[in-house]
Amino acid sequence: MLPMIRSSDIALTRFCCWKPCFLTLFALTTFAGCTGSNADTPKMGTASGKITLNGKPLADCRINFNSAKTGVGAGGDLKEDGSYTLEGSLPVGDYILFITPPSDFTPAKAQAKSGLTSVPAKYRGEATSGLTAKVKEGESEYNFDLK
């Protein structure tokens, strides 16, 4: 006589066969990407400082940091004392700096003959400024006296 097989025995057998597969799949999906490596996350830095023109604070302008390698850039308006802080952070690397009108530029500021009109033309272009900075991880200060 053959032993009697109940449907609950079949269900238990099926569950026991799938249990190791389920646990392996669960572990793979849960811990995928948890290697602790930040290789895909670039190191970032911020920049601030002071820009002067012949020793006097430069105001009503904007300093721009642009990377020729990555195309990434950021800028910050110069305050009355010539100080600036970049808006946001940048990936670590080499940057070319140049001066442009401030973000709140108005026709009245253009007629005041201050700010950008007092900056030598070479500092107004990315290709001609000659100003560079190597942004490092964390906070960095970059001061320049334009002549």
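Strands E7 and E8 pair in the antiparallel sense over five bridges, two strands being paired if DSSP finds at least two bridges between them. Strands (E, at least two residues) and helices (H or I, at least four) are DSSP runs, numbered from the N terminus. The model is predicted: local features need pLDDT of at least 70, side-chain atom pairs count only at pLDDT 80 or more, and totals for chains, interfaces and linings use all residues. Residues are numbered from 1 along each chain as its sequence is written, and side-chain values use heavy atoms, with hydrogens and water left out.

The protein contains two helices and 10 strands. Along the sequence these elements follow the pattern α-β-β-β-β-β-β-β-α-β-β-β. Of its 147 residues, 29% count as buried; buried means under 20% relative accessible area, exposed over 50%, and partly exposed in between, with a 1.4 Å probe and protein chains only. Contact is defined as heavy atoms within 4.5 Å. Among the contacts with a separation of 6 or more, 67% are made by residues 24 or more positions apart.

E7 and E8 belong to an open sheet of four strands, in the order E4-E3-E7-E8 with antiparallel pairing. E4 and E8 stand at the edges with a single partner strand each, so one side of each has no neighbour in the sheet. From one strand to the next, the twist averages 30°; angles run from 0 to 180 degrees between N-to-C directions, and axes are lines fitted to C-alpha atoms, for helices over the stretch in contact.

Within this sheet, Asp94 stands opposite Lys134 in E8. The two residues also form a salt bridge, with the closest N and O atoms 3.2 Å apart. Asp94 lies in strand E7 and Lys134 in strand E8, so the pair ties together parts that are 40 residues apart in sequence. A salt bridge is a side-chain nitrogen of Lys or Arg within 4 Å of a carboxyl oxygen of Asp or Glu, and the structure holds four of them.

Another salt bridge joins the side chains of Arg62 and Asp77, at 3.0 Å from N to O. Because Arg62 is in strand E3 and Asp77 in strand E4, this pair ties together parts 15 residues apart in sequence. Arg62 counts as buried at 14% relative accessibility, whereas Asp77 is partly exposed at 23%. A network of salt bridges links Arg62, Asp77 and Glu87. The side chains of Lys147 and Asp145 also meet in a salt bridge, at 2.7 Å from N to O. Here Lys147 is exposed, with a relative accessible area of 60%, and Asp145 is partly exposed at 34%.

In soluble globular proteins, nonpolar side chains tend to be buried together. A nonpolar core is a set of buried Ala, Val, Leu, Ile, Met, Phe, Trp, Tyr and Cys residues joined through side-chain atoms within 4.5 Å. The largest such core has 24 residues, of which Phe65 and Leu146 touch the most other members. Two or more residues each come from strand E1 (44–53), E3, strand E7 (93–100), strand E8 (131–135) and strand E10 (144–146). Leaving aside neighbours within four places in sequence, Leu146 is in contact with Ile51, Thr52, Leu53, Asn54, Leu58, Ile99, Val119, Tyr123 and Leu131.

Aromatic rings of Phe, Tyr and Trp (its six-membered ring) pair if their centres lie within 6.5 Å; planes under 30 degrees apart count as stacked, over 60 as edge-to-face and the rest as tilted. By this rule there are two aromatic pairs. Phe65 and Tyr84 form a tilted pair, 6.3 Å centre to centre with 45° between the planes. The pair links distant parts of the chain, with Phe65 in strand E3 (residues 62–66) and Tyr84 in strand E5 (residues 83–85), 19 residues apart. Phe65 is buried at a relative accessible area of 0%, and Tyr84 is buried at 2%. Together with Tyr142, Phe65 and Tyr84 form one aromatic cluster.

Tyr84 is also in contact with Leu78, a residue in the loop between strand E4 (73–77) and E5. Leu78 counts as buried at 7% relative accessibility. Beyond its neighbours within four places in sequence, the contacts of Leu78 include Ile51, Leu58, Arg62 and Ile63. Leu78 and Pro102 are 24 residues apart in sequence, and their C-alpha atoms are 7.5 Å apart in space.
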